[in-house]
Amino acid sequence: MSEDQAAFRAETRAWLEANCPPEMREPVRSDKDVCWGGRKARFSSAAQKHWLDIMGARGWTVPDWPARYGGGGLSPGQAKIVRQEMADLGCRTPLHSFGISMLGPALLRYGTEEQKLEHLPRIARGEIRWCQGYSEPNAGSDLASLATRAEDMGDHFLVNGQKVWTSYADQADWIFCLVRTDPTNKHRGISFLLFDMESPGVSTRPILLISGYSPFCETFFDNVKVPKDQLVGEINRGWDVAKYLLGHEREMISGMGTQGGAISLSRIALANLGAEADGRLADPILRARIAQFDLRAEAFRAMSERFLDELKAGKAHPAQPSMMKYTGTELNKQRYELAMAAGGSTALEWDSEESRQGAAARAWLRTKANSIEGGTSEIQLNIIAKRILTLPGA
């Protein structure tokens with residue numbers, strides 16, 4: 001580490017220690033502890049809002065974005081130091097945002113300067129919450145078959161159609177949406193639009209999952225007017241933007257493989273299944289399974305750090321997000337399978353106070369969607385086989 005990096009690390013740690021509220025250094029316990037921002041934001045505490053405000057003002061919700069777009073203007077190395085120091089101090093992520101993890105990178109690459117100045121600073125400060133309009137009832141894995149159409153009406157587009165599995169659409173302020181602008185060309189007939197969810201003609205309907213909870217919605221567009229200056233990239237070339245964004249979405253989803261810090265499988269198992277005289281978990285088979293999982297999780301964490309460094313340096317293979325997404329989501333599913341095994345009979349309860357209204361079971365059921373959302377595991381394996389292993393197609 002250079003002297004400049006060491007000085008920056010010391011300065012960063014001092015600032016975080018002085019400014020991160022103690023409450024924002026506690027582990028996340030529920031969805032209320034996760035800050036999504038937006039016009040409809042309901043903060044769980046004054047500390048949560050304060051943490052978002054000061055991190056947004058410093059540009060550290062997106063430390064490696066340019067300062068003129070609301071970021072911190074840091075180098076990749078400096079941004080990594082910020083992440084490391086936050087993790088070391090236990091600081092919560094100040095803002096979770098599809099605008100940061102998906103739309104922002106796409107706008108930085110494909111957006112006009114006017115679009116960047118309009119949207120990126122508000123994303124960075126958590127003022128606007130975004131949702132993703134990709135999947136449709138007949139266009140999931142084969143996304144390019146989408147049918148939601150946008151007609152050119154001269155000074156605006158008129159959007160009609162339906163999206164499905166739109167995460168948090170009922171709470172989002174704006175949507176980034178794939179629409180068909182040329183019905184004669186499957187891939188070269190798609191465009192990428194941005195518009196306000198309060199536009200006349202936009203409606204949403206939540207989809208209930210087996211867990212009893214769902215972030216997913218059906219989203220409907222009925223003669224929605226979208227100004228033409230909200231077209232990202234070229235007309236009929238939205239598939240290029242969509243593919244680039246999907247890489248960042250898969251990178252985001254893969255992160256769940258490293259985000260199990262609040263779940264101590266050993267602690268859960270010891271509390272429910274007891275220990276031997278030497279303090280080891282009484283169930284030797286489960287003990288071995290947890291140890292094996294912990295090793296895999298540490299290996300994935302190291303691989304994730306390397307991949308992120310390569311991505312920021314522009315050296316990552318285009319198909320690496322698929323590899324990370326597949327491994328991270330499968331790892332997260334295994335984590336919650338083990339949490340159920342370690343939880344004993346209490347983990348099977350659904351409504352009791354002891355089980356916190358079935359928190360373990362509901363979380364376990366929710367992870368079943370991990371290998372579907374953002375592209376199924378089967379699709380990711382096909383991409384890995386073709387693009388990384390260069391295996392012949394079927």
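User: Is Asp196 buried or exposed?
Analyst: This is a predicted model, where local features need pLDDT of at least 70, side-chain atom pairs count only at pLDDT 80 or more, and totals for chains, interfaces and linings use all residues. Residues are numbered from 1 along each chain as its sequence is written, and side-chain values use heavy atoms, without hydrogens and water. Buried means under 20% relative accessible area, exposed over 50%, partly exposed in between (1.4 Å probe, protein chains only). At a relative accessible area of 19%, Asp196 is buried.

User: Which residue meets Asp196 in a salt bridge?
Analyst: A salt bridge puts a side-chain nitrogen of Lys or Arg within 4 Å of a carboxyl oxygen of Asp or Glu. For Asp196 the N to O distance is 3.0 Å, and the partner is Arg39.

User: How many residues apart in sequence are the parts that Arg39 and Asp196 tie together?
Analyst: Helices (H or I, at least four residues) and strands (E, at least two) are DSSP runs, numbered from the N terminus. Arg39 sits in the loop between H1 and helix H2 (46-58), Asp196 in strand E5 (residues 190-196). The separation in sequence is therefore 157 residues.

User: What is the N to O distance between Arg13 and Asp88?
Analyst: Arg13 is partly exposed at 27% relative accessibility. Asp88 is exposed at 53%. Their side chains meet in a salt bridge, N to O, at 2.8 Å.

User: Which residues are linked with Arg13 and Asp88 in a network of salt bridges?
Analyst: Arg13 and Asp88 form a salt bridge. The network that holds both also links Arg9, Glu17 and Glu85.
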